[in-house]
Amino acid sequence: MTAWTDSTLFGLVLSLLAYALGVFLNRKTKLPLLNPLLIAVTAIALVVTLLQIPLDNYRKGGQFISALLAPATAALAVSIYNQRRVLKQYFVPVLLGCLAGSLASMGSAYLLCKAFGLGDALVATMLPKSVTTPIAMAVSETLGGIVPVTVAAVILTGILGAMAAPLLIRLFHVTDPIAQGVAIGTCSHAIGTTKAMELGELQGAMSSIAIGVAGLITVLISLFL
């Protein structure tokens, strides 16, 4: 067992199988709570914990998937390009929506951390929780946060956003596809954008745009903290 889990392929194969399980269960049940990524993370954590597999063994293969995160995010530019005319027409509303969402995200994280008496390190850790992982890691490190905790917070935020987005859209009667996409991309980055793409091409494009804009706004705000 030790020799097999020490292989680079272990983390890679385990991640792919866990995600495939998540996709299968999600499609079978059609339940938003059974998010494929949430199932994958839970399954991987259970396997590693129950079999007492060293985390470093998993990371050897898991790091290859992590390396694909930035290119996968950049690939979202395809949908942005296809909707460039819409972006030009609604540039100001999209920008203001991302600004409002970023301020709400960072402000709520700051106030909650202060309300619970958390230290400055955890405040810096949680501030960039709603932006895509590469940007969140850089902001957290610059502010003196705990980068691994930031990554966990970003993943959890994205999963919750993807799960809750359809319900919240119906609850608040958000019918405009541009508003739907901007809201999802600003609050739940790339993971939420996968759900936006399921809602429609325009929603997916606007969500992709919001990832970059919200990330830039978060970086700019963090310069003054």
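The second largest pocket of this predicted model is lined by 23 residues, among which A165, L168, A183, I184 and C187 lie nearest its centre. A pocket is here an open set of points, on a 1 Å grid over the protein atoms alone, where a 1.4 Å probe fits, with protein on both sides within 12 Å along at least five of seven lines; lining residues have an atom within 4 Å of a point. Helices α8 (91-115), α11 (147-171) and α12 (177-199) each supply at least two residues of this lining, helices being DSSP runs (H or I) of at least four residues, numbered from the N terminus.

The model is predicted, and local features need pLDDT of at least 70, whereas side-chain atom pairs count only at pLDDT 80 or more. Residues are numbered from 1 along each chain as its sequence is written.

Helix α2 (residues 8-29) packs with helix α4 (residues 55-67) at an angle of about 60°, their axes lying 6 Å apart. α2 is therefore oblique to α4 (angles under 35 degrees count as roughly parallel, over 145 as roughly antiparallel, 65 to 115 as roughly perpendicular and the rest as oblique). The contact, defined by heavy atoms within 4.5 Å, involves residues including F10, L14 and S15 of α2 and Y58, F64 and I65 of α4.

With helix α3 (residues 36-50), α2 packs at an angle of about 135°, the axes being 8 Å apart. This arrangement makes α2 oblique to α3. Among the residues in this contact are L14, S15, A18 and L25 of α2 and I39, A43 and V47 of α3.

Note on methods:
Heavy atoms only, no water. Axes fitted to C-alpha atoms, helices over the stretch in contact; angles between N-to-C directions.
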